[in-house]
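Good morning, and thank you for your attention.

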Amino acid sequence: MCPANVVSAEKQQPLETINLNQGDPTMFVEYWKKAGEKSSVVIPGWQNLSYYPNDNVDNICWFLEKEFSDEVKKLHEVVGNAITKDRYIVIGTGSTQLYQASLFALASNDDNNHDSSSKPMDVVSAVPYYSSYPAVTDFLKSGLYKWSGDAYKFDDKNEPYIEVVCSPNNPDGHTMKQVVNGFRGKLIHDLAYYWPQYTPITKPADHDIMLFTVSKSTGHAGTRLGWAIVKDEKLARKMTKFIELSTIGVSKDSQYRAATIMRAVTESAQSISLHLAGNFFEFGKKTMVGRWDRLRKVASENGAFSLPEYQKQYCNYFGEIREAHPGFAWLKCNLENVGDCDSLLEGKLKILVRGGKNFGMDYRKFVRVSLIDQEDKFQMLIDRLSTVSSSTKIKA
């Protein structure tokens, strides 16, 4: 039985379930359909048969194609979001593999004096942290490191530890800095969303290990490619060894496709015509601003939900003062009789989301909702949230 205060045109028939649990970046399909041949790549059957790169460049990351590495550096230079000069590029099958490689490299560093009797290094991140960090950290059951939860509550006891800084943060979109500040701490910076379609680019990031992904930068999640920018040669070698032993490198076909896509993005950002597509980051920004405006309008009108506020900052890329428009909404349910926001969105509105408990939150009124899916799904989200009011009653 539907709540008395929920009025929907869809109530006469079962609602179609829409999945906004994952950050599936299909909103960019519209752009890439217009991009033309500059974003397309044809790979002959005889090409890329070898394990080794086609250019025979002596890289620490021996399976890294020079063409991909060059395009990564060009794109970061144009956007201004990371320093690549005198840094090492390590490529992985998505940033998740690079995260595991980073943990291995940092925890097995000779400076930590690990031996067979040493306890695993603690791995922490500030709540709300990315929901996959705990599972990915402990998946291999490594004796080198273990998940230890919230960085705000962590006592390093002057022991080595690893802190993961996700900025902009997934799930809430805020700019983050390290929390623990211990003398023996090691840092991994997950910068998957530090791109101008999501957040102001205030300065080039310059950290020991920085993780990026094709998935959120260009929208090509299916290419399964990420890269790390690493300062220290020893760490870069250890990360490369981890990937070598786990997957014997990274797909060359994916690297060539990603290089082509990134070249198209760079050229669009430099006002080099991509047919009808235009500047990729302008498209992304316009789409995200529009979606956040519509979402905030619903939250303001019905009072049932609230959203984070973001500080306005000067964006060097766009040359303007603007606020963040993250790829996820960290949505809070304000209904007094709803203890778990999942029960409303998933149970009544048939919107699959990720609950706050997955991000280290005890308070379950928060959910993460993807805003980067295709327009039809986003409009369904808006329509269904609009049917809820602050006086809505939800039966237990």
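I begin with the two domains: their C-alpha centres, those of domain 1 and domain 2, lie 28 Å apart. Please bear in mind throughout that this is a predicted model. In the domain assignment, domain 1 is made of residues 8-23 together with 279-392, and domain 2 covers residues 50-270.

Let me turn to the overall form of the chain. It contains 10 helices and 15 strands. Along the principal axes, the C-alpha trace spans about 65 × 60 × 40 Å. For 396 residues, a compact globule would have a radius of gyration near 21 Å; the chain has 22 Å, and so the two agree.

I now come to the interface. The size of an interface is often given as the accessible area lost when the parts come together. Here, about 2,500 Å² is buried between domain 1 and domain 2, and carbon and sulfur atoms give 61% of that area. On the side of domain 1 that touches domain 2, the elements giving two or more residues are helix 8 (280-302), strand 10 (313-315) and strand 12 (328-333). Of these, helix 8 gives the most, with five residues. Sorted by class, this side of domain 1 has 16 nonpolar, nine polar and six charged residues. In terms of contact, 31 residues of domain 1 meet 31 residues of domain 2.

What of polar contact and salt bridges across this interface?

Salt bridges do occur in the model, however, and their count comes to 17. One of them joins Lys74 to Glu71, with the closest N and O atoms 3.6 Å apart. Why are these two residues separated by about one helical turn? Lys74 and Glu71 are three residues apart in helix 2, which accounts for that separation.

Most residues other than glycine have a negative phi, and most peptide bonds are trans.

The peptide bond from Val127 to Pro128 is cis, with omega near 0°. Pro128 belongs to the loop that runs between strand 3 (121-125) and helix 4 (133-139).

Another cis peptide bond leads from Ser167 to Pro168, with omega near -5°. Pro168 is placed in the loop between strand 5 (161-166) and strand 6 (185-190).

Lastly, Asp86, a residue other than glycine, has a positive phi, near 60°. Asp86 sits in the loop between helix 2 (66-79) and strand 2 (88-92).

Definitions and conventions. Residues numbered from 1 in each chain as written. Predicted model: local features only at pLDDT ≥ 70, side-chain atom pairs only at ≥ 80, totals over all residues. Heavy atoms only, no water. Domains from an automatic or database assignment. Contact = heavy atoms within 4.5 Å. Buried area = accessible area lost by both parts, 1.4 Å probe. Helix = DSSP H or I, 4+ residues; strand = E, 2+ residues; numbered from the N terminus. Nonpolar A, V, L, I, M, F, W, Y, C, P; charged D, E, K, R; others polar. Rg over C-alpha atoms; globule rule 2.2 N^0.38 Å. Salt bridge = Lys/Arg side-chain N within 4 Å of Asp/Glu carboxyl O.
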